Amino acid sequence: MALFQPNNPVLNEKTFREAALKSTDNSMTVKGTANKTAFLLALVICAAVYSWGVLAREGNIMPFLLIGGIGGFVLAIIISFKKEWAPYLSPAYALAEGLFLGVISALVANFYNGIVMQAVGLTLCTAIAMLVLYKTGVLRATAKFRAIVYTATAGIAVFYLIALVLRLFSIDIPFLHQGGTVGIIFSLVVVAIAALNLILNFDMIEQGTAQGMPKYFEWYAAFGLLVVLVWLYLEILQLLLKLNRR
């Protein structure tokens with residue numbers, strides 16, 4: 001995912017500086033970004049409900065994994081490099097991620113009743129808590145804070161990539177999916193890093209509004225938030241799985 005690059009191309013200072021040169025009177029606002037984020041989340045939920053229902057009736061998950069997983073990844077890459085396309089591709093990305101999350105959530109729900117709603121609730125509460133911490137000034141996106149979060153995020157991405165390559169050779173990293181103490185601590189750390197990425201997103205949206213970024217950046221910023229929220233949800237779901245396995 002684009003989120004996992006060290007300089008976070010979804011939302012970073014260079015991105016906003018470049019866009020400011022093209023800004024017009026029709027500039028982005030916090031309210032506009034919030035509305036578009038809500039719209040994208042609604043698309044995710046609708047697509048997830050649909051794929052969950054189809055899976056329950058037919059049991060065929062491959063189309064949703066391919067369209068949702070691979071399609072979402074490709075769209076995320078394109079949006080990261082073609083920011084002005086965000087108004088057109090972000091809804092497609094939201095639908096793709098919804099299809100993917102619906103299948104994953106349905107599979108997990110078959111083994112642990114109620115775990116999906118717990119993960120959704122914890123994701124929502126975490127996002128609200130991060131917003132409150134940001135707005136009250138408890139957590140601020142200082143240069144040092146950004147460096148730490150970017151480095152940690154990149155480290156997690158590299159670790160997951162190594163785990164994926166090892167998996168191709170039938171080598172598993174035990175604590176990555178098992179419910180031992182080390183595995184739970186690892187998941188807690190990853191959830192914390194994902195949550196801290198929200199602080200960076202909130203800050204960059206605020207900066208973009210103050211600097212008069214063009215209107216399409218509302219979609220781009222909403223896309224960036226959705227990327228982090230999807231990641232956060234999956235990591236919380238993974239953590240709950242580990243806890244249930246204990």
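A residue counts as buried under 20% relative accessible area, as exposed over 50%, and as partly exposed in between. That cut-off is needed at a later stop on this tour of a predicted model.

**Whole chain.** Start with the protein chain in cartoon view. Nine helices and zero strands are there, so the elements read α-α-α-α-α-α-α-α-α from the N terminus on. Switch to a surface: the accessible area is about 12,200 Å², and carbon and sulfur atoms make up 70% of it. Of the 246 residues, 48% count as buried. Among contacts with a separation of 6 or more, 86% join residues 24 or more positions apart.

**Helices α8 and α9.** Next select residues 181-210, which form helix α8, and residues 217-245, which form helix α9. Two packed helices are described by the angle between their axes and the distance between the axes. Here the angle is about 165° and the axes are 9 Å apart; α8 and α9 are therefore roughly antiparallel to each other. Their crossing is left-handed. Colour the residues of this contact by type: 20 are nonpolar, six polar and two charged.

**Leu-196.** Stay on helix α8 and select Leu-196. Is Leu-196 buried or partly exposed? Its relative accessibility is 23%, so Leu-196 counts as partly exposed. Now show its neighbours. Leaving out residues up to four places away in sequence, Leu-196 touches Met-130, Leu-139, Phe-145 and Val-149. Last, pick the C-alpha atoms of Leu-196 and Thr-126: these residues are 70 apart along the chain, and the two atoms are separated by 9.9 Å.

How values were computed: Residues numbered from 1 in each chain as written. Predicted model: local features only at pLDDT ≥ 70, side-chain atom pairs only at ≥ 80, totals over all residues. Heavy atoms only, no water. Helix = DSSP H or I, 4+ residues; strand = E, 2+ residues; numbered from the N terminus. Buried < 20%, exposed > 50% of the residue type's maximum accessible area, 1.4 Å probe, protein only. Contact = heavy atoms within 4.5 Å. Areas by Shrake-Rupley, 256 points an atom, 1.4 Å probe, with all protein chains shown as cover. Axes fitted to C-alpha atoms, helices over the stretch in contact; angles between N-to-C directions. Parallel < 35°, antiparallel > 145°, perpendicular 65-115°, else oblique. Left-handed = near helix turned anticlockwise from the far one by under 90°. Nonpolar A, V, L, I, M, F, W, Y, C, P; charged D, E, K, R; others polar.
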